[in-house]
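Thanks for coming, everyone. Please look at the structure on the screen while I talk.

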Number of protein chains: 4
Amino acid sequence: MSGSDAETYSYLGPAGTFTWAALGQVPGAAGKPWRSVNNVGEALDDVVSGRSVAAMIAIENSIEGGVSATQDALASIPNLRILGEYLVPVQFVLVARPGTALADVRVVSAHPVAYAQCRLWLERALPGHGHIPSPSNVAAPRDLLESDVADAAVAPPGITDHFPLEVLAEGIGDNPNAVTRFVLVSRTAPVPARTGSDKTSVIAELPSDEPGSLLEMLEQFATRGVNMSLIESRPIGDALGRYRFVIDLDGHILDERVADALLGLKRFSPNVVFLGSYPRADNHRIEVSERYGDDSFLDARDWLRGLISGEPS
Amino acid sequence: MSGSDAETYSYLGPAGTFTWAALGQVPGAAGKPWRSVNNVGEALDDVVSGRSVAAMIAIENSIEGGVSATQDALASIPNLRILGEYLVPVQFVLVARPGTALADVRVVSAHPVAYAQCRLWLERALPGHGHIPSPSNVAAPRDLLESDVADAAVAPPGITDHFPLEVLAEGIGDNPNAVTRFVLVSRTAPVPARTGSDKTSVIAELPSDEPGSLLEMLEQFATRGVNMSLIESRPIGDALGRYRFVIDLDGHILDERVADALLGLKRFSPNVVFLGSYPRADNHRIEVSERYGDDSFLDARDWLRGLISGEPS
Amino acid sequence: MSGSDAETYSYLGPAGTFTWAALGQVPGAAGKPWRSVNNVGEALDDVVSGRSVAAMIAIENSIEGGVSATQDALASIPNLRILGEYLVPVQFVLVARPGTALADVRVVSAHPVAYAQCRLWLERALPGHGHIPSPSNVAAPRDLLESDVADAAVAPPGITDHFPLEVLAEGIGDNPNAVTRFVLVSRTAPVPARTGSDKTSVIAELPSDEPGSLLEMLEQFATRGVNMSLIESRPIGDALGRYRFVIDLDGHILDERVADALLGLKRFSPNVVFLGSYPRADNHRIEVSERYGDDSFLDARDWLRGLISGEPS
Amino acid sequence: MSGSDAETYSYLGPAGTFTWAALGQVPGAAGKPWRSVNNVGEALDDVVSGRSVAAMIAIENSIEGGVSATQDALASIPNLRILGEYLVPVQFVLVARPGTALADVRVVSAHPVAYAQCRLWLERALPGHGHIPSPSNVAAPRDLLESDVADAAVAPPGITDHFPLEVLAEGIGDNPNAVTRFVLVSRTAPVPARTGSDKTSVIAELPSDEPGSLLEMLEQFATRGVNMSLIESRPIGDALGRYRFVIDLDGHILDERVADALLGLKRFSPNVVFLGSYPRADNHRIEVSERYGDDSFLDARDWLRGLISGEPS
């Protein structure tokens, strides 16, 4: 839980949480010190202060805490950069001490939000059971080993790698397709190389709240053939009716069309935060029509130079 | 917790939660049976099945559970209608049994998400305290009266109306401005009258995932002078790259410009869910330029009729 | 050249001009009195005053006079309506008195604009010839019969139906594909029925001269799937930088998408002149995607009514 | 009428025409050989072949010949460049041999198009007069000195500088505000310096004839805050429904926003012809909001470089 600053990774702990699972997907974090923190504020504070080289935080559809706070923090804390995104399926298992049968379970320990998400299954399989709340998805199973108040616990899959427990049931969550998206955040650094399957995240304010103002901002992307995979409005909070937008773009800042769209966005918006260009978790390759490929941008610049110098075409 | 279907209101309970506070803002719910449920799925199920006349659910920035699930449920469960929106400040107090002083507090009971949001204050004011998780923001204070395991509890303001507890500290949350937005949802019903300060909520899919497709959809609003106060993309989940958008519009479906924009949206989008037109929680009056006022729409229709019939102007 | 007002047609004469040829394409004008006038002002004045039931005037790419004047007249004279459009190929023949051979031609009579358009051919075929200007494309050939000052004349094809002259050469114009577009204009009248191959002409002013204002106006068409086949800016003349736009739309005012676009245009523009919906000269059928077909508009209105009344879907 | 190629200017002659008056506004043409030609084709051919350094041609609202031909020629002849624009009021005077009184005039000599434009005045002032057509606005007055067939001639103002004639009446045209716009065209050359009051002319094709395609092209201008002062559609002629657009932009290719818009246009359009950036005839200074000024573009590029290199902001 400690170590040299330049190597430590912060995450919402303890070990075994979904955030911990996300950090486990980062090759560079293997074998480095991991620092368990309590919320996104602490995680980003570790990064800003240099206590950690990077922090893993939930950015979309989280079960372990709201993402509005994450978005607002990223909008207001300067000099952060997203290094990568990671998807973790939000699935649950029911675990118990070895030798416990499902029929023996009377009391279930669970983080309240996880409990709510498994409630349908629990009421069907364990009618009349009791619920003991737990501060985290890891504390719930861990405490089974320290106390027999509960007979079973709701936990993330893989928890049995950490504790000598047995799985009584898998896939007990209401939504079998739920996924949480995490991002690994560091201080500002040079952008990584393009992979052909990249995403660019920005947060931008509108110059005014007139109808059509958002449209005008999005035209900056459309006129360069840049697709969005996420847009969310967030009230800025300083005055009624002012909004910022959290936006994910298909492509990398070193793609000509994305760079050009960012230039347009910068000129249009009174406040743009560039959060980073990084490989997509889904490895989906971005298809771009020839019109918006890099060559199209280079050719246009050659053409413009020719026009100015007056070369015959 | 029971009563005639036509009068019961469902909410994420128990009494004292933020959702309960939101329901308390509904004049029509006063004196009617309130039904405490465990999550948004149960709440909407009550409405669909007729167990309740309406349900209060968090739709934006919730501390008591994710809102993605709410948005996805509203997109996929047919025949629901939002009747109104309600804002509840997400503030916390520290409460204890009468006679307890702040200096006496060693162990704090709290819902884990609430605990995370008050952590800064708790660590400063109560260094070395212990945390006992609680399944809800109401169970935490209530259990103080049944057990002395904890000395104090994190709770919503107003909890002392329910339990004979004393407030040790107010405003202990990290974010003093946090607000959760709730909506009251019923089965489909005629739209309520206009108030001049209304909001219209829709969920719409894009016909394709080409860059510019969202822009084309938003032009349906901009060309009628209709402003958006919220837009959020959500992956539809049936195939890569397809999105639906949760959108709040300024105005009421009986406003000519909003009706006309909805017609355009219906023609453009392969799937539109109209969630309702209802009074805004902030009572902010919508200002519309003359160009997009009702008279402008009526005048244009008169003009068109004259053109077709061939009357000289 | 006279007759009852209700039956007379005005045109830029005399008989034999391209405008006359255009009027010859109008079935309803056959056998009715035709009134030869000198310019578009006189022609429209005949219509306004009731001297004529309709007037044929050039609106695009005319050889017999500017079209800016036509556009400006249509923008400012109220209560006019275009009944139809007619295309006339602008081709020329060289004609002479019977017995004249091409080698005998020394002096050519021609309207100066026609002469300029045939100059390449004339200089090649008749080097050293002289030019006698003529007030019209009809006067040039006609005068060959009254005087022998000129040996040959530049004339529209078909002139030999009017005068006992012989064609020495055909297709002598520089541009073999030149076509002039004419419109038949009456006082305001009910719009004719749809043919499936229709055009709608309007003239509209922008509310301001800001960049993006034209874009906003054209979005009124694009959001309804309405294509433009012509757009021309014309300075309004009352102040620097104010423009009106002459626009032809694919489709008929009784097409739902066109009607809806016109309503949007009317609300947006401070001054819209509807010139008419009428059959296209090229008989090209308008293809419309299902999204913008009449049924799509009717379905959307049914949907909206259902939303308001609160019927379950 | 001859001279070294590098110094000769071509114009629609002879001396005294409106085109000649436009060429008289060009300081660099003073004292150089001027070459009178018969139409825009000859004028541009002189430029292409090197017989002339530049040619003056009418581009908007011409009385001396159609401008469609000019626009089509500029779209299809490569390597031309507009050097400047010139406005000439299209006004007419009635001139006669010295000693002639207005009351004596029985026969008027006039170019047919000029005659049509003065017809209202002539019919009022000289009822019953005869018309002798003339091949040009200059031949009409000049011939008064060689023959007494006509008593007076319609001519451009200033004609008395060329011929010993007297003005009988001024301002005899129907439209006292008519103006023709001319451009001076050379072969491709480096663009001239910015003056702050510049115009940029381009001709661009749409990639497809779908509704919305023009809108998408114009967004290239609007997203950079570039205003248009002229737009005209012209059918390309190679297939039904394909259009090119003649467009004038406010500003100079060396203005950052115009350069950026041209780059966007080049990428979007399958065929763009840059006709030049040149001083506006009206000397109207272009006002640009700070958002689209040169500094905004330079700042955005600095910002982008910083993002890529990873400098903290």
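**Where the chains meet**

In this predicted model, helix α8 (residues 294-309) of chain A packs against helix α7 (residues 256-268) of chain D at an angle of about 125°, with the axes 9 Å apart. That angle makes α8(A) oblique to α7(D). Their crossing is right-handed.

Now the terms. Helices (H or I, at least four residues) and strands (E, at least two) are DSSP runs, numbered from the N terminus. Axes are lines fitted to C-alpha atoms, for helices over the stretch in contact, and angles run from 0 to 180 degrees between N-to-C directions. Under 35 degrees counts as roughly parallel, over 145 as roughly antiparallel, 65 to 115 as roughly perpendicular, and the rest as oblique. Right-handed means the near helix is turned clockwise from the far one by less than a right angle; anticlockwise is left-handed.

Residues are numbered from 1 along each chain as written, chains are lettered from A and ligands numbered from 1 in written order. Local features need pLDDT of at least 70, side-chain atom pairs count only at pLDDT 80 or more, and totals for chains, interfaces and linings use all residues.

Next, chains A and B. How many residues does each bring to the contact? Chain A gives 42 and chain B gives 42, where contact means C-beta atoms, placed from the backbone, within 7 Å. On the chain A side, α6(A) has the largest share, six residues.

Finally, chains D and C. Here 42 residues of chain D contact 42 residues of chain C. The largest share of the chain D side, six residues, comes from α6(D).

Key: Two residues are in contact if their C-beta atoms, placed from the backbone, lie within 7 Å.
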